[in-house]
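User: Please walk me through the model shown below, with the criteria spelled out as they come up.

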Amino acid sequence: MKVILKEDVRKLGKKDAVVEVSDGYARNFLFPRALAVEGTAQNVNILKDKTAAAERRDSRLTAEAEAVKSKIAGKVVKMSVGAGEGGRLFGSVTAAQVAEALEAQYGVKLDKKNVKIDGAVKALGAYALTLKLYPGVECAMTLSVEGQQ
């Protein structure tokens with residue numbers, strides 16, 4: 001019997017895979033646990049539509065991320081923070097602060113988890129910054145930390 005897996009099933013396949021299993025295995029194990037549905041033509045067409053929609057959404061989001069990347073790549077994010085003598089900061093600049101500054105300066109809203117700073121920012125200066133805009137789309141920028149007046 002042909003079935004469509006609704007979840008990953010160990011030693012059988014990944015979610016949305018169409019696999020051939022015995023009738024008893026499908027009726028007694030997969031269907032009662034809601035791990036699979038019967039692989040009828042209607043269910044296979046629903047799966048194809050769902051897969052095509054996911055691919056369209058993924059390509060649209062990738063294109064949007066590439067557009068944002070072309071807009072901000074290589075630019076500088078400027079931040080003014082309190083600093084003591086010798087250029088040491090009172091605290092440090094965090095990824096969350098960089099994400100807020102990025103949104104304020106360029107209008108790009110990004111989660112702090114997607115902001116990668118090379119090393120800790122505890123002094124005035126310039127730092128390399130990598131932004132993960134979408135899976136597979138990353139953007140390099142520079143973080144410029146200046147003393148507050």
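Analyst: Helices (H or I, at least four residues) and strands (E, at least two) are DSSP runs, numbered from the N terminus. The model is predicted, so local features need pLDDT of at least 70 and side-chain atom pairs count only at pLDDT 80 or more, while totals for chains, interfaces and linings use all residues. Residues are numbered from 1 along each chain as its sequence is written, and side-chain values use heavy atoms, with hydrogens and water left out.

User: How many helices and strands are there in the chain, and what pattern does the chain follow along the sequence?

Analyst: The chain holds three helices and nine strands. Read along the sequence, their pattern is β-β-α-β-α-β-β-α-β-β-β-β.

User: Is the chain compact or spread out, judged by the radius of gyration?

Analyst: The radius is taken over C-alpha atoms, and the globule rule is 2.2 Å times the number of residues to the power 0.38. For 149 residues that rule gives 15 Å, whereas the chain has 24 Å, well over it. The C-alpha trace spans about 75 × 30 × 20 Å along its principal axes. By the radius, therefore, the chain is more spread out than a compact globule.

User: What percentage of the residues in the chain is buried?

Analyst: Buried means under 20% relative accessible area, exposed means over 50%, and partly exposed lies in between (1.4 Å probe, protein chains only). Of the 149 residues in the chain, the buried share is 27%.

User: What is the order of strands in the open sheet?

Analyst: Two strands pair if DSSP finds at least two bridges between them. The open sheet has four strands with mixed pairing, in the order S4-S9-S8-S6. Its edge strands, each pairing on one side only, are S4 (76-81) and S6 (115-117).

User: In which sense do S4 and S9 pair, and in which sense do S6 and S8?

Analyst: S4 and S9 share six bridges and pair in the parallel sense; within this pair, Val 77 stands opposite Leu 143. In S8 (residues 125-134), Thr 130 is the bridge partner of Lys 116. Over three bridges, S6 and S8 pair in the sense called antiparallel.

User: Which helix packs on the sheet?

Analyst: Axes are lines fitted to C-alpha atoms, for helices over the stretch in contact, and angles run from 0 to 180 degrees between N-to-C directions. Contact means heavy atoms within 4.5 Å. The packing helix touches S4, S6, S8 and S9 (137-147), and its direction makes about 115° with that of S4. This is helix H3, residues 95-106.

User: Which residues of S4 form its covered face?

Analyst: In a regular strand the side chains alternate between the two faces of the sheet. The uncovered face of S4 has Val 76, Lys 78 and Ser 80. The covered face has Val 77, Met 79 and Val 81.

User: Which residues does Val 93 contact beyond four places in sequence?

Analyst: Val 93 is found in S5 and is buried, with a relative accessible area of 6%. Setting aside neighbours within four places in sequence, its contacts are Met 79, Val 81, Val 98, Ile 117, Val 121, Leu 143 and Val 145.

User: Is Ser 144 buried or exposed?

Analyst: Ser 144 has its place in S9. Beyond four places in sequence, its contacts include Val 76, Lys 78 and Gly 125. Its relative accessibility is 15%, so Ser 144 counts as buried.

User: How are the rings of Tyr 25 and Phe 29 arranged?

Analyst: Rings of Phe, Tyr and Trp (its six-membered ring) pair if their centres lie within 6.5 Å; planes under 30 degrees apart count as stacked, over 60 as edge-to-face and the rest as tilted. Tyr 25 and Phe 29 are four residues apart in H1 (residues 23-30), about one helical turn. Tyr 25 is partly exposed at 31% relative accessibility, as is Phe 29 at 28%. Their ring centres are 5.3 Å apart and the planes lie at 10°, so the pair is stacked.
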